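Morning, everyone. Please have a look at the structure on the screen, and then we'll walk through it together.

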Amino acid sequence: MNLAELNRVAEAMVAPGRGILAADESSATIKKRFDAIGAESTDNNRRDYRELLFRSTEAMSKYISGVILYDETIRQNAKDGTPLVKVIERAGSLPGIKVDKGPKPLPFCPNEVITEGLDGLRERLVEYRGLGAKFAKWRAVIDIGAGIPTQTCINTNAHALARYAALCQDEGIVPIVEPEVLMDGDHDIDRCYIATEWTLKRVFEQLYDQRVALEAIVLKPNMVVAGKKCGKRATVEEAAEKTLKVLKACVPAAVPGIAFLSGGQSDEEATAHLDAMNRIGGLPWKLTFSYGRALQAAPQQAWSGKAENVPAGQKAFSHRALMNSLAARGQWKADLEKKAA
Ligand code: 5MM
C-alpha cells in the first residue's frame, strides 16, 4: 500500500467545493428509476443516460470529484466508442466502483440485512484497478424499527465494512465506507442519532482493529434526520447540529473527508442540510456530498428517456451539482434554486 498516494486520492475526492456522484445503481434499482420516468431499462438507454451525466463537462470538471460506477458501466463504451471511464477522466473526475454484492437477510435477525461480497473481493479489486477505478464503495444498511437495529446487525456489518476497507487499501484503492442508517421508518431524530452513534462507534472500532489507515478512507454516512413517516419534522438547523454532534463524537480527525448520502431526502433538503453544517464550520474534516437520488432525480425527470431531452437533463444535473458544490462551501442560498427554474 502506498499510503501517500491513497491519501492524495482521498483528499481529491473531497476537494473544496467538489463531491461525488453516486451513479452505481444496480440493475434492479436503475430499472425502478427508469420505470418512474417511462424509460425502458436497456443497455443502450442506461449507457445514454449515464453518458449524459458524464458529458456534462462543466459540472463534472468543477463540482464532481468522482463518480461511483456499477460493474456494467465501468466496462461500457460511450456511443462514439470511448470507454465511459475515459469520458470521466477527461472531464477531470475520478472513476470509482461499487464492489459490494448488496444487502442479504441476516441469519437469526428478522428484518435485518448484512451486505455480502467479500468472497473473491481481492481479485475483483485487482480487475477494477486495471479498468481505471481509483476508489471503491461498500454500503451497509441499518434499519430502525421495533427491536432493531440489533447488536448482531451493527457488529457484523461493521466487521464486513472494515474487511472490505482493508482489502481495498492493500490493493491500492481508496475505500468509501458507507454505513447507512435508513430514514424509512417512523422514528424521531433522536432515535436516528442513537442508531447512527452506535453504528459509527462500531465501524471505527473495526477499522482500527483491522489496521485500516484512516487517512486513506472517505466516510459516507447518513445525516441525522427523523424517519420519513415520523410526524415530528426536525428543522434544518436541528438536523445539522445533531449530525455534527454525532460525527464529532465518532469520527477521528485523521479522516480526510465525509461525503454524505442523501437517503431519500428531497433535493433541496439534502443541499440545505449540507450547507447548514458547512456554515457552522470549524470541523477537522471536509464535509461534502456523495448523492445518488438528490443529484439524479432532476436530470432523470428532465431526460425521460428521450434523446432530444439530453440538453435539458444536463442542465438539471449541472444545476444540482452547482447547488451542492455551494453547499459544500457553506455558500448556498435557497433563492438560487428559483433562479434556475
Ligand atoms: C445510487 O444508489 C446506490 C446504489 O443502490 P443499489 O445498490 O440499491 O442499487 C446507493 O448505494 C447510493 O450510492 C447511496 O445509497 C447513496 O445514494 P442516495 O440516493 O441515498 O444519495
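How many bridges join strand 1 to strand 2? Four bridges do, and the two strands run parallel. Strand 1 covers residues 19-22, and strand 2 covers residues 64-69. Strands here are DSSP runs of E with at least two residues; helices are runs of H or I with at least four, and both are numbered from the N terminus. Two strands pair if DSSP finds at least two bridges between them.

A word on the source. This is a predicted model: local features need pLDDT of at least 70, side-chain atom pairs count only at pLDDT 80 or more, and totals for chains, interfaces and linings use all residues. Residues are numbered from 1 along each chain as its sequence is written, and side-chain values use heavy atoms, leaving out hydrogens and water.

Back to the strands. Leu21 stands opposite Val67 in strand 2. Ala22 has Ile68 as its bridge partner in that strand. Now turn to strand 10, residues 286-291. Strand 1 pairs with strand 10 in the parallel sense, over two bridges. There, Leu21 has Tyr291 as its bridge partner.

Next, the ligand. The ligand sits in the largest pocket. A pocket is found on a 1 Å grid over the protein atoms alone: it is an open set of points where a 1.4 Å probe fits, with protein on both sides within 12 Å along at least five of seven lines. To sit there, a molecule needs more than half of its atoms within 2 Å of the grid points.

Now the polar contacts, pairs of N or O atoms within 3.5 Å. A side-chain N or O atom of Ser26 is 2.7 Å from a ligand oxygen. For a polar backbone atom of Gly292, the distance to a ligand oxygen is 2.8 Å. A polar side-chain atom of Arg293 also lies 2.8 Å from an oxygen of the ligand.

Last, a loop. Pro149 lies between strand 6 and helix 8 (151-170). The peptide bond from Ile148 to Pro149 is cis, with omega near 10 degrees. Most peptide bonds are trans.

Key: Polar contact = N/O pair within 3.5 Å; in protein donor to acceptor, adjacent residues only side chain to side chain. 1 Å grid on protein atoms, 1.4 Å probe; cavity = no way out; pocket = protein on both sides within 12 Å on 5 of 7 lines; lining within 4 Å.
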